[in-house]
Amino acid sequence: MAESASDRFARWRLQDLLLRHSGLRIMPNSGDDLLLAGDLPFRATGPDGRTVEDCYAIEIRVQSTFPRGIPTVRETGGRIAPAFHKLEGDLLCLGARTEIQIQLATAPTLLGFVDRLVIPYLFGHSYHEAHGVMPFGELEHGRDGLLQYFASLFRAPSRAAARVFVHLTSLRRRVANKEPCPCGSHRRLGRCHNRQVNRLRKLLGRSWFRGEFNAIATDE
Ligand SMILES: [Zn+2]
């Protein structure tokens, strides 16, 4: 039997979200999507210890495929310029897709989505307004940005090493463990950074990383 909307909302912990962020409301919506809108006030501290307190008017559209499907978020108060990290259709670009998948796989609830992805994005915007730079640094666009992201995810010594880490995560564990570890230790992966690779392979699956490897392996 198909899951009812109320079962789905319970699984997504919708009530937790509405309690924690009481400015958000469920909006009338004709389709199957859950539409949430309202004010999202927050207080967050960056890696440099500087705190930002701010509030944005936002709209979140959640498809029934959540958490596999990523909700779309729009800022409706007109504060965030189109040139700031956005996707097509004025949607907020919440981060590298692997990072979004990692956060959603770790906390597959609406509260997890808002607290781990939406608020950090809004915090980044406010911080950028105040200080002219992004609090966590900034990713380049396209393939370079992906390689840069994977280098930090795997704490790889170079982008070339990051690419090998992604490839190893797309392979079966037993096969990958026999390969040299990309960190440069001259040990096999199975005797070096295997835990890090195993954790990500288990979290998102080999095929996810195969797709990402194809995205970063293509020549421009
Ligand atoms: Zn290693």
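In which helix is the place of leucine 104? And what surrounds the zinc ion?

A: This is a predicted model, in which local features need pLDDT of at least 70, side-chain atom pairs count only at pLDDT 80 or more, and totals for chains, interfaces and linings use all residues. Residues are numbered from 1 along each chain as its sequence is written, and side-chain values use heavy atoms, leaving out hydrogens and water.

Leucine 104 sits in helix H3, residues 97–106 (helices are DSSP runs of H or I, at least four residues, numbered from the N terminus). Leucine 104 counts as buried because its relative accessibility is 3% (buried is under 20% relative accessible area, exposed over 50%, partly exposed in between, with a 1.4 Å probe and protein chains only). Beyond its neighbours within four places in sequence, leucine 104 contacts Phe66, Pro67, Ile70, Phe113 and Leu117 (contact: heavy atoms within 4.5 Å). Phenylalanine 66 is 38 residues away in sequence, yet the C-alpha atoms are 9.0 Å apart.

Now the metal. Cys181 (SG), Cys183 (SG), Cys192 (SG) and His193 (ND1) coordinate the zinc ion at 2.0 to 2.3 Å (donors are N, O and S atoms within 2.8 Å of the metal, or 3.2 Å for Na, K and Ca; water is not among the atoms, so sites may look incomplete). Along the chain, the donors follow C-x1-C-x8-C-H. The 4 donor atoms subtend angles of 106 to 115°, so the arrangement is tetrahedral (four donors, all angles between 85 and 135 degrees). Histidine 193 has 27% relative accessibility and therefore counts as partly exposed.

Note on methods
Helices (H or I, at least four residues) and strands (E, at least two) are DSSP runs, numbered from the N terminus. Four donors count as tetrahedral if all angles lie between 85 and 135 degrees; four count as square planar and six as octahedral if opposite donors are over 155 degrees apart and all others between 65 and 115; anything else is irregular.
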